[in-house]
Amino acid sequence: MDFPERLIFDGMNIPPFRPLKENVEKRFTEIRNLECRKDDIILATYNKSGTHWIWEVVCMLIKGNTEYTKEIKEFFFLEAIPDLDVVHNLPSPRPMNTHLPYRWLPKQLTEKGGKIIHVIRNPKDVAVSLYHHLVDFGLSNISFSQFMETMFMIPSPAFSMGSWYDYVKECEQAAENDKHGAILTMFYESMKKNPIDETKRLAKFLNVEASDKLIEDIVEKCSFGNLKNADKTIKDQSILKKIIDLPSVDGQAKPNIYRKGIIGDWKNHFTVALNEQFDKIYAEEMKNSKLPIQFE
Ligand code: A3P
């Protein structure tokens, strides 16, 4: 496949979303200056960390029922939607989502306090998930090891907003400085292992009254298998053609978001040598971090 020409901005290898290709600085600045409401919710994640999953859980909690949102989360994907004005017309509370790092989130939320949800997933599974995402876009003749060397273990991995390390360390710092209780940090692995408790924690953060029964039903409706099925049968995917600009797929791409949904698929992809190389970089990068990252 012809990999899209690299577009670097603020040290990040910007994904080929149409508004970013047109004018990345303009869209980033619009997001930073977004007029916010005090009950706005921003789900801010590094790619492939379970964004679609948590977004659906958030939507159900806000609505207080277990109906799937017809629109996929990309309808509310700040850096990719054709026109940011769409979010101005949404009823409150508005659940929006982005992969922009903390320093680019709307100023009104980061400075005055709002609801920011960070979901963090271990970087080995993120890398595997990202690799398959790119394969779905037609990147067929590259091995996982090659991908790691040329596209992930580099300062700014392909298709993402900077390195995983920079992203999560920025989240950690922001959460430490959070004076308003405005940030909730969730971990993909904790949500997998303890979905009921984690969904309750999320409901509390969102100030949502949710009965035990509703929490159980949401967890069930948002299980991997059920979300995968809903994605195929219920969801409106039409926005995808409008936001992604990849010549080789002519805008028709449909990445398989619901691939495996497990912890530890990295063990099926990393060779011993690659794992050792990765662990060395990880140890150096995360030496001052207290984030409880779970690899299994
Ligand atoms: P895999 O590729 O490892 O399967 P994002 O939404 O940020 O793009 O993340 C996608 C990843 O989240 C994919 O990981 C996907 O399978 C996983 N995922 C989506 N819904 C899930 C669920 N309900 N439970 C567990 N994992 C889920």
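User: In what order do the four strands of the open sheet lie?

Analyst: This is a predicted model, in which local features need pLDDT of at least 70 and side-chain atom pairs count only at pLDDT 80 or more, whereas totals for chains, interfaces and linings use all residues. Residues are numbered from 1 along each chain as its sequence is written, and side-chain values use heavy atoms, with hydrogens and water left out. Strands (E, at least two residues) and helices (H or I, at least four residues) are DSSP runs numbered from the N terminus, and two strands pair if DSSP finds at least two bridges between them. With parallel pairing, the four strands form an open sheet in the order 4-3-5-6.

User: What is the bridge partner of Ile42 in strand 4?

Analyst: Strand 3 (residues 41–45) and strand 4 run parallel and are joined by four bridges. In strand 4, the residue bridged to Ile42 is Met96.

User: Are the residues on the two sides of strand 4, Pro95, Asn97, Met96 and Thr98, buried or exposed?

Analyst: A residue is called buried under 20% relative accessible area, exposed over 50% and partly exposed in between, with a 1.4 Å probe and protein chains only. Strand 4 (residues 95–98) has both faces covered, with Pro95 and Asn97 on one side and Met96 and Thr98 on the other. These four residues are all buried.

User: Of the 98 residues in the largest nonpolar core, which touch the most other members?

Analyst: A nonpolar core is a set of buried Ala, Val, Leu, Ile, Met, Phe, Trp, Tyr and Cys residues joined through side-chain atoms within 4.5 Å. In soluble globular proteins, nonpolar side chains tend to be buried together. Among the 98 residues of the largest core, those touching the most other members are Phe28, Ile117, Phe147, Met148, Trp164 and Leu202.

User: Which helix gives the most residues to this core?

Analyst: The protein chain has 13 helices and six strands in its secondary structure. The one that gives the most to this core, with eight residues (its range is 51–63), is helix 2.

User: With which residues is Phe28 in contact, leaving aside its neighbours within four places in sequence?

Analyst: Phe28 is one of the core residues that touch the most other members. Leaving aside neighbours within four places in sequence, its contacts are Phe9, Met12, Ile14, Leu20, Leu100, Trp104 and Met161.

User: Why does Lys73 count as buried?

Analyst: Lys73 is placed in the loop between helix 2 and helix 3 (85–88). Not counting residues up to four places away in sequence, Lys73 touches Thr51, His52, Trp55 and Asn97. Lys73 counts as buried because its relative accessibility is 3%.

User: What is omega of the cis peptide bond that joins Ser92 and Pro93?

Analyst: Pro93 has its place in the loop between helix 3 and strand 4. The bond joining Ser92 and Pro93 is a cis peptide bond, with omega of about -10°.

User: What value is phi of Lys48 near?

Analyst: Lys48 is in the loop between strand 3 and helix 2, and at 13% relative accessibility this lysine counts as buried. Phi of Lys48 is positive in a residue other than glycine, with a value near 65°.

User: What radius of gyration does the protein chain have, with 296 residues?

Analyst: The radius of gyration is taken over C-alpha atoms, and the globule rule is 2.2 Å times the number of residues to the power 0.38. For 296 residues a compact globule would have a radius of gyration near 19 Å, which agrees with the value for this protein chain, 18 Å.

Technical notes: Contact = heavy atoms within 4.5 Å.
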